[in-house]
Amino acid sequence: MNEQIIARHWLAIIAPKAAPALATSTVLILARIWNANGAEHSIGNAVLMTALSLGAAAAGACASLGRSGDGVLAGTAFAASGGLALAGVAGYADGWSLPLLLWVLATAVAYGLAARYWRTDRRERTAHERQTSARREEHAHIERVETIRAQTQIEVARTGAAYAEQLAQALVTRAALPGFDPKVVEAAGLPELPVAREDW
């Protein structure tokens with residue numbers, strides 16, 4: 001059975017593992033650029049970021065407590081809330097120590113949450129590969145059994161044809177022997193020989 005060979009690019013393998021660090025680093029960089037452009041000690045900017053962060057957290061709470069309980073939507077809203085809070089603090093703070101501390105914490109939390117989904121994804125992928133392998137083995141077994149059955153039927157048909165040919169040759173040879181009497185053969189309990197009867 002032919003199996004497809006899929007070679008993934010190294011970027012496709014690394015990208016999911018680097019995504020949490022890239023996301024938090026991007027938020028930190030943009031917040032520090034915002035800080036350099038006048039967000040430091042701006043009450044209006046702090047109120048705006050606080051309101052946006054609380055709004056995103058409320059949206060996440062509503063999404064997780066709703067009737068459907070959409071986990072992806074809730075996770076996205078909570079991630080946006082954390083990102084806005086990080087951006088607000090990093091943009092408002094004077095130095096680098098508090099923004100870097102929050103960046104480390106946010107990155108650690110992001111990797112902690114992502115690791116859970118990676119484990120689940122790995123489990124599902126392993127289960128799918130096992131199921132696919134079992135199906136392949138079952139199909140290969142059925143294919144082997146059917147191949148053996150077909151070869152057996154062909155061999156039986158070939159043997160039957162050879163036996164019929166030998167029997168016909170034996171009947172012709174026996175009928176050609178001097179003193180052959182089909183009535184004696186029938187009296188002995190052997191089947192009637194229509195070819196031999198036609199000859200007589």
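Is glutamate 155 buried, exposed or partly exposed? In this predicted model, glutamate 155 has a relative accessible area of 42% and is therefore partly exposed. The category follows because partly exposed covers the range between the 20% limit for buried and the 50% limit for exposed.

Glutamate 155 also takes part in a salt bridge. Its partner is arginine 158, and the closest N and O atoms of the pair are 3.5 Å apart. Both residues belong to helix α4, where they sit three residues apart, so about one helical turn separates them. Arginine 158 has a relative accessibility of 52%, which means that this residue counts as exposed.

The structure holds three salt bridges. Another of them joins arginine 149 to glutamate 146, with 2.7 Å between the closest N and O atoms. These two residues are again found in helix α4, three residues apart, or about one turn of the helix. Arginine 149 is partly exposed, at a relative accessible area of 43%, and glutamate 146 is partly exposed as well, at 40%.

The remaining salt bridge is formed by the side chains of aspartate 121 and arginine 125, at 3.3 Å from N to O. Here the spacing is four residues within helix α4, which spans residues 97-176, so the two are separated by about one helical turn. Aspartate 121 has 41% relative accessibility and counts as partly exposed; arginine 125, at 42%, falls in the partly exposed class too.

Arginine 32 presents another case. This residue is located in helix α1, and its relative accessible area of 10% is under the 20% limit, so arginine 32 is buried. What lies around its side chain? Leaving out residues up to four places away in sequence, arginine 32 touches Ala90, Ala93, Asp94, Gly95, Trp96 and Pro99.

Beyond four places in sequence, alanine 90 is in contact with Leu28, Ala31, Arg32, Asn35 and Pro99. In soluble globular proteins, nonpolar side chains tend to be buried together. The largest nonpolar core of this model consists of five residues, namely Leu28, Ala31, Met49, Ala87 and Ala90. Helices α1 (10-39) and α3 (71-92) each contribute at least two residues to this core.

Glycine 88 is part of helix α3. With a relative accessibility of 11%, under the 20% limit, glycine 88 counts as buried. Glycine 88 and arginine 32 stand 56 residues apart in sequence, while their C-alpha atoms are 9.8 Å apart in space.

Technical notes:
Residues are numbered from 1 along each chain as its sequence is written. This is a predicted model: local features need pLDDT of at least 70, side-chain atom pairs count only at pLDDT 80 or more; totals for chains, interfaces and linings use all residues. Side-chain values use heavy atoms; hydrogens and water are left out. A nonpolar core is a set of buried Ala, Val, Leu, Ile, Met, Phe, Trp, Tyr and Cys residues joined through side-chain atoms within 4.5 Å. Buried means under 20% relative accessible area, exposed over 50%, partly exposed in between (1.4 Å probe, protein chains only). Contact means heavy atoms within 4.5 Å. A salt bridge is a side-chain nitrogen of Lys or Arg within 4 Å of a carboxyl oxygen of Asp or Glu.
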